[in-house]
Amino acid sequence: MIKRNDNITIIGSGLVGMTLALILSRHKINVTILEKNSKENLIKLKDSRTSAVSQGSKRILKEIGIWEKIRKKAQSIKKIIVTEGNSPDGIKFDSELLQEGPLGFIVKNEFLKKTFYKEVLNSNYINFIDNLSIKDLIRKDSYVLIKSSKGNLQTKLVVGADGRYSYVRYLADIKNFFYDYKQTAFVFNINHKKNHNSVALEKFFPSGPLALLPMKEKNGKCSSVVWTLENSKIEKFSNKKYFYEAFKTKYANAFGEIEKISTPTIYNLNIFSCYEYFKDRVVLIGDACQAIHPIAGQGLNLGLRDSNELASSILYGHSLGFESSNSTILRNFAQKRFIDKNLLIKSTHGLNKLFSNNSFIIGKLRENGLRIFNESNFLKKQSMLFAMGLWTFDF
């Protein structure tokens, strides 16, 4: 049975929560992670999906010693081409325009998560408690009492990193904006005849966007696909033949003939965005605080920046003699993350609404907008810096 006092307790062992724990552990700060799944199941995880890691996120992972362990299996993205449907025209983002390295990287979730778990479990500063369910959070003046299926734990600061449907968010009574896109994402991998040459494609159709993301496997002849469709139209896609033919039309032999297609994983798409990031010794990071549309593949990167900034705020506070849950520390974290979070939430929300539209007039405006945007190196540079997580938001 748990009966202990801790300074910082992270609930949820996703990539965002583990990143925070690893950053703090590098500074010899003890952290406890509470996880509902067992260590054995986490290490045996099977997941064919991929994660997009931005250039900025790569630099965060490098600081905690993770990047060197995943670098060889990370596929770089050197160019991103955004088009209206299968139009030959669009916006071409080229990493050479900035000279900051690749725009990002695609890494298989299974490998990424297992690498993180091993690093966390080997740390002398991270106490990992698995097979545990949270029952309640009792906030006191000087601590939080976490009631769980394995007993009670007293902590100064609770970090909710338990995902899109966060129970910590509910227990902390932190209000959020919610919107159902009435869209479904089909996520799968394809093998294709031609090499992707480190190019990612984002095709916008009125029925929803289609992203093709380069993978390391098959010597560059494999891509991860995120295909978004309106809920009202997906029933007929349960037919495998119909699904394959419809996808082939949208794919339009982008990287040559399809040689293999994996079974899709299906997700309903919605957005959660909290009105406040902390409350009474509880702070939220990652999808627990904001879960966005996958249209730009930025959800993980936004969460990693949360972890990095929260750790920086805690470390700065400690240098001044404040405890981790001090409201000044948490307010500093919230202020530093406000612009980044809101810009990305609103831009992905707006992009999806703008492109998921059958209007002829709006279609023409989009077409002209893409052309004008592509002709401006300034606009492209600023967009790339933002997407790469290299913009600074200090004020």
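Helices here are DSSP runs of at least four residues, numbered from the N terminus. The model is a predicted one, and within helix 8 the residues Phe 247 and Tyr 251 are four residues apart, which means that about one helical turn separates them. The rings of these two residues are stacked, because their centres lie 5.7 Å apart and their planes meet at 25 degrees.

Phe 247 also forms an edge-to-face pair with Phe 188, at 5.1 Å centre to centre and with 80 degrees between the planes. This second pair links distant parts of the chain, since Phe 188 belongs to strand 12 (residues 176-192) and Phe 247 to helix 8 (residues 240-251), 59 residues apart.

| Residue | Relative accessibility | State |
|---|---|---|
| Phe 188 | 2% | buried |
| Phe 247 | 0% | buried |
| Tyr 251 | 0% | buried |

Ring pairs join these residues into a cluster whose members include Phe 186, Trp 227, Phe 237, Tyr 242 and Phe 243, and the whole structure holds 16 aromatic pairs. Elsewhere, the charged end of Lys 250 sits over the ring of Phe 205, 5.0 Å from its centre, while Lys 341 lies over the face of Tyr 277 at 4.7 Å from the ring centre.

Methods. Residues are numbered from 1 along each chain as its sequence is written. This is a predicted model: local features need pLDDT of at least 70, side-chain atom pairs count only at pLDDT 80 or more; totals for chains, interfaces and linings use all residues. Side-chain values use heavy atoms; hydrogens and water are left out. Rings of Phe, Tyr and Trp (its six-membered ring) pair if their centres lie within 6.5 Å; planes under 30 degrees apart count as stacked, over 60 as edge-to-face and the rest as tilted. Helices (H or I, at least four residues) and strands (E, at least two) are DSSP runs, numbered from the N terminus. Buried means under 20% relative accessible area, exposed over 50%, partly exposed in between (1.4 Å probe, protein chains only). A charge sits over a ring if NZ of Lys or CZ of Arg is within 6 Å of the ring centre and within 35 degrees of the ring normal.
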